Amino acid sequence: MSLTKKIILGLTIILIGIQFFQPLQNKSDEVTASHIEKVYAVPQNVKAVLVQSCYDCHSNNTHYPWYSRIQPGSWYMAQHIKKGKEELNFSNFGEYSPRKQRNKFRAMAGQVKDGEMPLSSYTLIHRNAVLSQEDKQVLVKWFGVMEDSIK
Amino acid sequence: MKNITISIFAVITVFIAASCNQSSTKNNELSENNTTATSGEQAPSQSKVNDTVPLPATPDTSIGKNAGETATGGFSIAPIVADYLSLKNALVSDDANAAADAGKKLFATLNKVDMKTVPADNHKKYMDITDDIKENAEHIGDNAGKIDHQREHLASLSEDISDLITLFGSPQALYQDHCPMFNDGKGAIWLSESKAIKNPYYGSKMITCGMVEKTFN
């Protein structure tokens with residue numbers, strides 16, 4: 001067996017091997033009491049966009065497409081989700097102080113408006129998470145209303 | 001063939017072991033970096049505060065200082081305000097890198113505050129406000145390349161600082177200025193040590209845009 005063949009075989013086996021090491025999934029059937037939908041009335045059209053484009057990384061419940069289980073992609077994704085939830089977790093939104101909630105709404109509006117969120121590295125693969133102009137308007141408007149309502 | 005299987009198995013084991021080690025050492029490195037950053041910054045910030053605090057308060061030093069330091073002793077928001085002002089001034093001069101450094105310094109300063117010295121009656125409010133300041137400072141520190149994003153966080157940060165001053169008194173003479181244009185016409189405030197308007201939200205583009213809204217001290 002030539003060296004190249006050995007290397008290719010080795011790499012293939014490593015790739016297959018790491019498939020057995022999957023990170024814990026960010027999944028929970030329980031809707032927490034402090035979930036944003038429990039503490040605020042979220043209009044249907046807003047909720048639809050949040051579920052589609054935000055909850056994967058910013059809640060305790062990620063919707064995993066089949067390809068997200070392929071390693072090493074799922075490690076990368078797990079890191080993403082961890083960071084995303086640190087910044088903003090819709091499942092714990094009710095636990096934030098009013099000040100923090102207000103600023104989160106403001107920051108969300110800014111990030112969506114500037115096209116910073118959802119991250120381009122995420123939408124590159126998750127094409128259905130891309131926000132249309134209309135989606136953006138729906139979100140930014142609602143975030144603005146919520147920001148002003150919390151004093 | 002048997003040899004190959006064994007060697008491949010060994011490679012996989014090594015790979016896994018290495019990746020596990022890597023993540024743990026990475027974490028260690030991170031926390032070490034954090035501590036060195038904080039301790040490294042400790043000395044200059046302390047001395048800087050000592051230098052800057054008495055300066056603006058020449059006519060009424062005693063009043064200014066007493067307002068900032070409360071009766072419990074030891075607790076003062078003066079270092080926080082001083083760091084905020086240098087951050088704000090970095091954005092006035094459109095310097096995103098200096099703003100990032102100032103954001104990191106503000107973050108470090110907040111972590112140094114001894115919680116036990118915070119007056120008990122305002123403890124919860126203090127926590128709420130400073131949690132938010134930390135978050136804003138962290139984001140400004142992490143976004144040296146994005147001055148617009150830093151300025152968005154300055155808007156939240158300035159409200160926090162204003163609330164902090166309302167709660168504990170101002171350590172020095174300060175002006176609360178208002179910029180009506182920022183955030184799509186929603187407006188934003190900032191605090192300044194000088195009466196002359198120097199707008200941190202637009203910098204050199206609209207340096208004199210804004211008005212004094214309130215005066216502290």
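# Reading the geometry of a two-chain model

Q: Which residue in β2(B) does B:Gln176 stand opposite?
A: B:Gln176 stands opposite B:Leu191 in β2(B). The model is a predicted one.

Q: What packs on the sheet, and at what direction to β2(B)?
A: Helix α6 of chain B, residues 147-168, packs on the sheet. It touches β1, β2 and β3 of chain B. Its direction makes about 60° with that of β2(B).

Q: What makes β1(B) and β2 of chain B a pair?
A: Two strands pair if there are at least two bridges between them. Five bridges join β1(B) to β2, residues 188-192. The two strands therefore count as paired, and they run antiparallel. One of the bridge partners in β2(B) is B:Trp190, which faces B:Asp177.

Q: How do you know that β1 and β3 of chain B pair?
A: The same cut-off applies: at least two bridges. β1 (residues 174-179) and β3 (residues 211-216) of chain B share five bridges, in the antiparallel sense. B:His178 has B:Met211 as its bridge partner in β3(B).

Q: In what order do the three strands form an open sheet?
A: The order is β2-β1-β3 in chain B, with antiparallel pairing.

Q: Why do β2 and β3 of chain B stand at the edges?
A: Each has a single partner strand, so one side of each is left without a neighbour in the sheet.

Q: What is the average twist from one strand to the next?
A: The twist averages 25°.

Q: Why are α6(A) and α5(B) called roughly parallel?
A: Angles under 35 degrees count as roughly parallel. The axes of α6 (residues 98-113) of chain A and α5 (residues 123-142) of chain B cross at roughly 25°. That is under the cut-off, so the two helices are roughly parallel to each other. Their axes come within 9 Å.

Q: Which residues make the contact of α6(A) with α5(B)?
A: On α6(A) they are A:Arg99, A:Lys100 and A:Asn103. On α5(B) they are B:Asp128, B:Ile129, B:Asp131 and B:Asp132. By class, the residues divide into five charged, one polar and one nonpolar.

Q: How do you know that the reach of α4 of chain B is close to that expected?
A: The expected span is 1.5 Å times one less than the number of residues. Helix α4 (residues 96-112) has 17 residues, for which 24 Å is expected. From first C-alpha to last, α4 reaches 24 Å. Its buried residues include B:Ala99, B:Gly103, B:Leu106 and B:Phe107. B:Lys104 and B:Lys105 are also among them.

Q: What makes B:Asp94 partly exposed?
A: A residue is buried at 20 or more other C-beta atoms within 10 Å, and exposed at 12 or fewer. B:Asp94 has 15, so it falls in between and is partly exposed. B:Asp94 lies in the loop between α3 (78-92) and α4 of chain B. Its phi is positive, about 55°, although it is not a glycine.

Q: What kind of peptide bond joins A:Met117 and A:Pro118?
A: The bond is cis, with omega about -10°. A:Pro118 is found in the loop between α6 and α7 (120-123) of chain A.

Q: How many helices and strands are there in chain A?
A: There are eight helices and zero strands. Of its 151 residues, 28% count as buried. Among contacts in chain A between residues at least 6 apart in sequence, 79% join residues at least 24 apart.

Technical notes:
Residues are numbered from 1 along each chain as its sequence is written. Chains are lettered from A and ligands numbered from 1 in the order in which they are written. This is a predicted model: local features need pLDDT of at least 70, side-chain atom pairs count only at pLDDT 80 or more; totals for chains, interfaces and linings use all residues. Helices (H or I, at least four residues) and strands (E, at least two) are DSSP runs, numbered from the N terminus. Two residues are in contact if their C-beta atoms, placed from the backbone, lie within 7 Å. Axes are lines fitted to C-alpha atoms, for helices over the stretch in contact, and angles run from 0 to 180 degrees between N-to-C directions. Angles under 35 degrees count as roughly parallel, over 145 as roughly antiparallel, 65 to 115 as roughly perpendicular and the rest as oblique. Ala, Val, Leu, Ile, Met, Phe, Trp, Tyr, Cys and Pro count as nonpolar, Asp, Glu, Lys and Arg as charged, and the others, Gly among them, as polar.
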